[in-house]
2 protein chains.
Amino acid sequence: MEKRFTKDHIGIGILGLGVVGSGTVDLLMRNREEIEKKIGLPIRIYGIAVRNVNKPRAVKVDRALLTDDPRSVIDNPDVDILCELIGGVEPARSYVMQALEQGKQVVTANKEMMAKAGNGIMKEAARRQLDLQFEGSVAGGIPIIQSMKNALAGNRVTEVMGIINGTTNYILTRMTEEGASLEDVLREAQELGYAEADPTSDVDGFDAGYKIAILSAIAFTSKVSVDDVYVEGIRSISASDISYAAELGYIIKLLGIGKRMPNNQIQVRVHPTLLPKHHPLASTHDVYNSVLVKGDSIGDVMFYGRGAGSGPTGSAVVGDILDTCRNLRFGSTGRVACTCFETSTVQPIEDVETRHYIRMVVQDKPRVLSAISGIFGDNDINIEAMIQKTIYGKQTDIVWLMHESPGKAIQAALSAIKNLDIVVEVSNWIRVEE
Amino acid sequence: MEKRFTKDHIGIGILGLGVVGSGTVDLLMRNREEIEKKIGLPIRIYGIAVRNVNKPRAVKVDRALLTDDPRSVIDNPDVDILCELIGGVEPARSYVMQALEQGKQVVTANKEMMAKAGNGIMKEAARRQLDLQFEGSVAGGIPIIQSMKNALAGNRVTEVMGIINGTTNYILTRMTEEGASLEDVLREAQELGYAEADPTSDVDGFDAGYKIAILSAIAFTSKVSVDDVYVEGIRSISASDISYAAELGYIIKLLGIGKRMPNNQIQVRVHPTLLPKHHPLASTHDVYNSVLVKGDSIGDVMFYGRGAGSGPTGSAVVGDILDTCRNLRFGSTGRVACTCFETSTVQPIEDVETRHYIRMVVQDKPRVLSAISGIFGDNDINIEAMIQKTIYGKQTDIVWLMHESPGKAIQAALSAIKNLDIVVEVSNWIRVEE
């Protein structure tokens, strides 16, 4: 099949001119000359579909390019590359499929679509030898997807782990620095525009879940969808968890974690995590993101940068456009196709073995410790460290740090412990990573 | 020109089976199945040229592949990709040119060759639309070159800055943690194999100079050779510099720094640097490397990992091989050609403006401070902070932290200060970066 590009320039169509769309258009226009030299061909934007053509825009853009009819952009025969920057599963997925069916290349920054419907889209792109690139869907401008697909691709990746949601990292950073409560910091973050009015997708971990599904699929060359991800958000984290963790030498972060296990099993999970303070990811603060990849040859390699926003995500989208343009020019679209050729099963979260942090409130009475630690012992859970502090009158906080054991052992132990008369409440249970 | 690959597998030839060669061959063999699936074609090693075929090897390799005749590998018509892993400028450069002249793709990890003779080699590769990849030449397995050439390529890069020599970072880390002298730590590093018997290339900054020349050329899309780099090693750094720096809130690192300045000027320099302790690069310890890139759209993005060694550098070489194989298969070799299309001039180090750290020993007499600070004032140098400590009897250390000023102003001031009777010595002068 001869695919050599015969046109004298490359046509780009864009769906969406929100945060990411503005960053993309702005960058394409600002650095156009340099970008065209890198590609070896001129580029031209043929249309930008928006919901409201009259809305004032952050980016200076020729009004004549704006349309409220996405099909006029998708179907325009001059458009070689469609950039889908509207987000959400539908209608984004349909638009992308329509573009692929017309033989157009696609660039997207849509994590939800890729995590929920990526398989079908990638299969269609691969079948037609088209580029489908999505660097902007994870960790803003950080080049984690291209790196795993190319420069690191000789490695058998054993772990991919990261701080991939800026909003929750901002909240946890403020809580850690100020000893503030989640509610107070969340309200402040909403006022500053760092958190949405409905913060569910961030705070409850779904956004990070989409992203770790995408990263794990690439890392483990295996299909992973959002349904495979165990997701737990940060709502349960209190100022006292953060301060007890600090006392033990840890910081609490919301992590996305993918691990390759024996017997073709993988772990894919998002949850608050105690990380040792000297861990490479531990110094990622505020809205920054970072991703750590462990490969059998490279060892640890870490990427760090802004995980969201117009400029960083626009950088990722334009990087993908540039790569796609080079492929178009050389007739090599589809050269890095879907690499999900392994079949893995996801280990149930109950079977996942980690270390654990547990905080509880108990009556300050004799034999409390022996009763509780006896139950841990019955469930084969070994205690690594313990902090006990009297809090009010006859009640006391006890914080436990446990050696590796499966989630179901902790679950069983905590059920039994809750039934003890001397136990007021089991306040929190957080996993620990190294 | 139709370049579609018609063979049923890709042939690889390797020159050199030292640290990098062993890591490359080991990884290619270990993950062969997965790598071939990612490429879409089988790969086969046709020959490995070594100096001594009978020497015992770290990697298990078919003896029949070994030869002491490099030309038999380069000239073998079955070899599509030549991996040059012997290092040094000659004969490596000649071998690479011979391979290119035969239309073969080249992968190299040779920083010295790329920094000293990269222009000619890249020009030849570009002229013939061949791949010439060199990710392993900088920062081991960290995917900094591919990232700058692809994912970050939409950005106008304003700065690239990194800890890119593991040996000196190991030495400075030990000096910082133990308060030890450079001589003692260097001796220990040599015993551990972290430093060469002749440590000049590392300790005097030349190795970092090669690497920052390569990174700056890509970052600023401009020709940069090793002659453009100002290089200053770490031999002058004493335990007291490290402890005074710490007192001021800084850590001392050997940095490679490239900056884009107004009027098509660039800065390219390697020198010991005071970095604020909270700087993203400041927590890169021991033999780890890290590189920070500032782009006009992405902001700060940082890469971190092992900067040398068999596994990490082998990972980079195999990543390049994989990318080249995909280009071969799709007939798209040369798709990311040399991008040095800008003409920049390098700003003389005397004109480079930074903040400065200066340590001196003076007589403990009246009016010493006013005499010295008067000279700084005469040279338009503003003082930001000062530490004075009595060291022995009538002499005292004075440490100055200066606001931004050009190197030549500091030079002029220090010349005058050295002539003062009250000044025993100017002990050190180190640049400061934010």
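This is a predicted model: local features need pLDDT of at least 70, side-chain atom pairs count only at pLDDT 80 or more; totals for chains, interfaces and linings use all residues.

Colleague: OK, and which residues go into which domain of chain A?

Modeller: Domain 1 of chain A takes 10–141 plus 310–330, domain 2 takes 145–306, and domain 3 takes 349–432.

Colleague: What's chain A built from, in terms of helices and strands?

Modeller: Chain A has 14 helices and 17 strands. Its radius of gyration is 24 Å, close to the 22 Å from the globule rule for 434 residues, so chain A is as compact as a globular protein of that length. The C-alpha atoms fill a box of roughly 85 × 50 × 35 Å along the principal axes.

Colleague: How much of chain A counts as buried?

Modeller: 54% of the 434 residues. And if you take the contacts in chain A with a separation of 6 or more, 75% of them come from residues 24 or more positions apart.

Colleague: Let's talk sheets. What's the strand order in the open sheet of 6 strands in chain A?

Modeller: The order is 3-2-1-4-5-6, with parallel pairing. Strand 3 (66–67) and strand 6 (132–133) of chain A sit at the edges with a single partner strand each, so one side of each has no neighbour in the sheet.

Colleague: How is strand 6 of chain A joined to strand 5?

Modeller: By 2 bridges, with strand 5 (residues 105–108) and strand 6 of chain A running parallel. In that pairing, A:V106 has A:L132 as its bridge partner in strand 6.

Colleague: Which strands does helix 12 of chain A lie across?

Modeller: Helix 12 (residues 310–330) of chain A lies across strand 1 (10–15), strand 2 (43–49), strand 4 (81–84), strand 5 and strand 6, and it runs at about 165 degrees to strand 5.

Colleague: Switching topic: is strand 10 of chain A mostly covered or uncovered?

Modeller: Mostly covered: 10 of the 12 residues in strand 10 (residues 265–276) of chain A are buried. Strand 9 (residues 250–260) of chain A runs antiparallel to strand 10, joined by 11 bridges, and A:L255 stands opposite A:H271 there.

Colleague: What other strands of chain A pair with strand 10?

Modeller: Strand 8 (residues 230–231) of chain A runs parallel to strand 10, with 2 bridges between them, and A:Y230 is partnered with A:R269. Strand 13 (residues 345–346) of chain A also pairs with strand 10 in the parallel sense over 2 bridges, where A:I266 stands opposite A:V346. Then there's strand 17 (residues 423–432) of chain A, again parallel to strand 10 over 2 bridges, with A:V432 as the bridge partner of A:L274.

Colleague: Where does A:N263 sit, and what's its phi?

Modeller: A:N263 is in the loop between strand 9 and strand 10 of chain A, and its phi is near 60 degrees, a positive value in a residue other than glycine. A:N264 lies in that loop between strand 9 and strand 10 of chain A too, and has a positive phi of about 60 degrees although it is not a glycine. Most residues other than glycine have a negative phi.

Colleague: Is A:N263 buried or exposed?

Modeller: Exposed, with 7 other C-beta atoms within 10 Å. A:N264 counts as exposed as well, with 12 C-beta neighbours inside 10 Å.

Colleague: Which peptide bond in chain A is cis?

Modeller: One of that kind is the bond from A:E90 to A:P91, with omega near 5 degrees. A:P91 is in the loop between strand 4 and helix 4 (92–101) of chain A. In chain B, the bond from B:E90 to B:P91 is cis, with omega near 5 degrees.

Definitions and conventions: Residues are numbered from 1 along each chain as its sequence is written. Chains are lettered from A and ligands numbered from 1 in the order in which they are written. Helices (H or I, at least four residues) and strands (E, at least two) are DSSP runs, numbered from the N terminus. The radius of gyration is taken over C-alpha atoms; the globule rule is 2.2 Å times the number of residues to the power 0.38. A residue is buried if 20 or more other C-beta atoms lie within 10 Å of its own, exposed if 12 or fewer, and partly exposed in between; C-beta atoms are placed from the backbone. Two residues are in contact if their C-beta atoms, placed from the backbone, lie within 7 Å. Two strands pair if DSSP finds at least two bridges between them. Domain bounds come from an automatic or database domain assignment. Axes are lines fitted to C-alpha atoms, for helices over the stretch in contact, and angles run from 0 to 180 degrees between N-to-C directions.
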